[in-house]
Amino acid sequence: MNDILQSAPHTDLPALSLRGVSKRFGEAEVVSDFSLDLYAGEFVALLGASGSGKSTTLRMLAGLERPSSGQVLMGGVDVTDLRPAARNIALMFQSYALYPHLTVRQNIATPLRQALLSAAARLPGAALLSAKTRETEAAINSRTQSVAQMLRLDGLLDRKPGQLSGGQQQRVALARALVRDPSAFLLDEPLSNLDTALRHTTREEIRDLHRRTGHAFLLVTHDQADALSMADRIAVMIAGRVAQCAPAADIYHRPATREVARFIGAHR
Ligand code: ADP
Ligand code: MG
C-alpha cells in the first residue's frame with residue numbers, strides 16, 4: 001500500500017485498550033470499571049442486553065464520549081483526550097447512512113479525503129500544498145479502488161446508493177469504514193436491521209473482512225447467535241460491568257456467574 005496510508009508500525013501492544021473505564025451520566029453510572037485489551041487480528045464481541053452500556057463503551061473507544069474515569073489506549077498510547085478523527089478507528093452503526101447524492105466512489109473516498117487533505121493543509125507553503133494535493137488525490141483514488149475491489153464493488157463505483165441493493169449498500173458502508181486502514185474496527189449492532197438472508201451474508205462478509213484485513217474487530221451486539229458465530233472472544237456485559245470475558249465456547253459451556261448463565265440461557 002502507498003506510504004501515505006500506512007498505519008502505525010506493528011507492535012505487540014494491544015491495538016485498543018480500556019483501563020478501568022467508567023462513565024456516569026448525572027447520578028447514573030452506566031459503565032463501571034471496564035477493562036479490555038483488543039489485539040490486532042482479534043475479533044471480540046461485546047454481548048449484553050439492551051441498556052447494559054455497550055454503545056457507551058464503544059463511543060468512549062471511538063472518542064465520541066469522554067470517560068468519567070479511566071483511560072483509553074491505542075498501541076499503548078493514551079488517547080483518552082484525542083478527538084475521534086485523530087484516532088483512526090473505523091465505526092459502523094446499525095444505520096449506516098450513505099450520502100445519497102454522492103456516488104459509491106465518493107462515498108468510500110470521503111473519510112480518507114477529509115483525513116488526508118486536513119493533514120496536507122497543515123504543511124507550510126502553498127506550492128507544496130498543491131503538489132501534495134495532487135499526490136493525495138492519486139493516493140485516494142488508488143486506495144478507493146483497492147477497497148472497492150476487496151468488497152466486490154468495482155463495477156458499481158459510479159452509481160448512487162439508491163441504485164444499489166441492500167447488500168451492496170452494506171458493502172459500501174464497510175468499504176467506507178475501512179478506507180483509512182484503521183487500527184481497529186468497531187461495529188455497533190450492524191446486523192440488527194437486516195432480514196434473515198442479508199443477516200447471514202453480512203455475518204460472512206464481516207468475518208471475511210476480518211480475516212483479510214487482520215484488523216482488531218469489536219462487535220457490539222445483544223444477539224448471542226451473532227456473537228457466537230462471529231467472535232473469537234466474548235465479553236459479556238451486565239449492568240455496565242464485564243461479567244465474563246472468555247473464548248466463545250467457554251461463555252456458552254462454562255458461564256462464570258449465575259448472571260451470565262441466566263443471560264445466555266434466556267437467549268438460547
Ligand atoms: P446498550 O448499547 O447496551 O443498549 P447504552 O450504552 O446505549 O446501552 O446505554 C446504557 C445506559 O446509559 C442506558 O440506560 C442509557 O439510557 C444511558 N445513556 C446512554 N447515553 C446517555 C446519555 N447521553 N445521557 C444519559 N444517559 C445515557
Ligand atoms: Mg446500543
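Begin with the shell around ligand 1, whose residues divide into 2 nonpolar, 7 polar and 1 charged; here Ala, Val, Leu, Ile, Met, Phe, Trp, Tyr, Cys and Pro count as nonpolar, Asp, Glu, Lys and Arg as charged, and the others, Gly among them, as polar. This is a predicted model, in which local features need pLDDT of at least 70 and side-chain atom pairs count only at pLDDT 80 or more, while totals for chains, interfaces and linings use all residues. Residues are numbered from 1 along each chain as its sequence is written, and chains are lettered from A and ligands numbered from 1 in the order in which they are written.

**The shell of ligand 1**

Select Phe25, Val30, Gly48, Ser50, Gly51, Ser52, Gly53, Lys54, Ser55 and Thr56, which surround ligand 1, a residue being near a molecule if its C-beta atom, placed from the backbone, lies within 6 Å of it. Helix α1, residues 54-62, gives the most to this shell, with 3 residues; helices (H or I, at least four residues) and strands (E, at least two) are DSSP runs, numbered from the N terminus.

**The open sheet**

Next select the open sheet of 4 strands, which has the order β2-β1-β4-β5 with antiparallel pairing, where two strands pair if DSSP finds at least two bridges between them. Because β2 (28-38) and β5 (77-78) stand at the edges, each with a single partner strand, one side of each is left without a neighbour in the sheet. Strand β1 (residues 16-25) pairs with β2 in the antiparallel sense over 7 bridges, and Phe25, already selected in the shell of ligand 1, has Ala28 in β2 as its bridge partner. Helix α1 packs on the sheet, touching β1, β2 and β4 (69-74), and its direction makes about 120 degrees with that of β1. Contact here means C-beta atoms, placed from the backbone, within 7 Å; the axes are lines fitted to C-alpha atoms, for helices over the stretch in contact, and angles run from 0 to 180 degrees between N-to-C directions.

A residue is buried if 20 or more other C-beta atoms lie within 10 Å of its own, exposed if 12 or fewer, and partly exposed in between, with C-beta atoms placed from the backbone. In a regular strand the side chains alternate between the two faces of the sheet. Strand β7 (residues 184-188) runs parallel to β6 and is joined to it by 4 bridges, and Leu187 in β7 is the bridge partner of Met92.

**The nonpolar core**

Now colour Ala45, Ala175, Ala184, Leu186, Leu218, Ala231 and Ile234, which touch the most other members of the largest nonpolar core, a group of 64 residues. Such a core is a set of buried Ala, Val, Leu, Ile, Met, Phe, Trp, Tyr and Cys residues joined through C-beta atoms within 7 Å. Helix α4 (residues 166-178) gives the most to this core, with 6 residues.

Val44 is placed in strand β3 (residues 43-48) and counts as buried because 24 other C-beta atoms lie within 10 Å. Leaving aside residues up to four places away in sequence, Val44 touches Leu38, Leu218, Ala231, Arg233 and Ala235.

**A last stop**

Finish at Asn141 in helix α3 (residues 126-150), which is partly exposed, with 13 other C-beta atoms within 10 Å.

How values were computed:
Contact = placed C-beta atoms within 7 Å.
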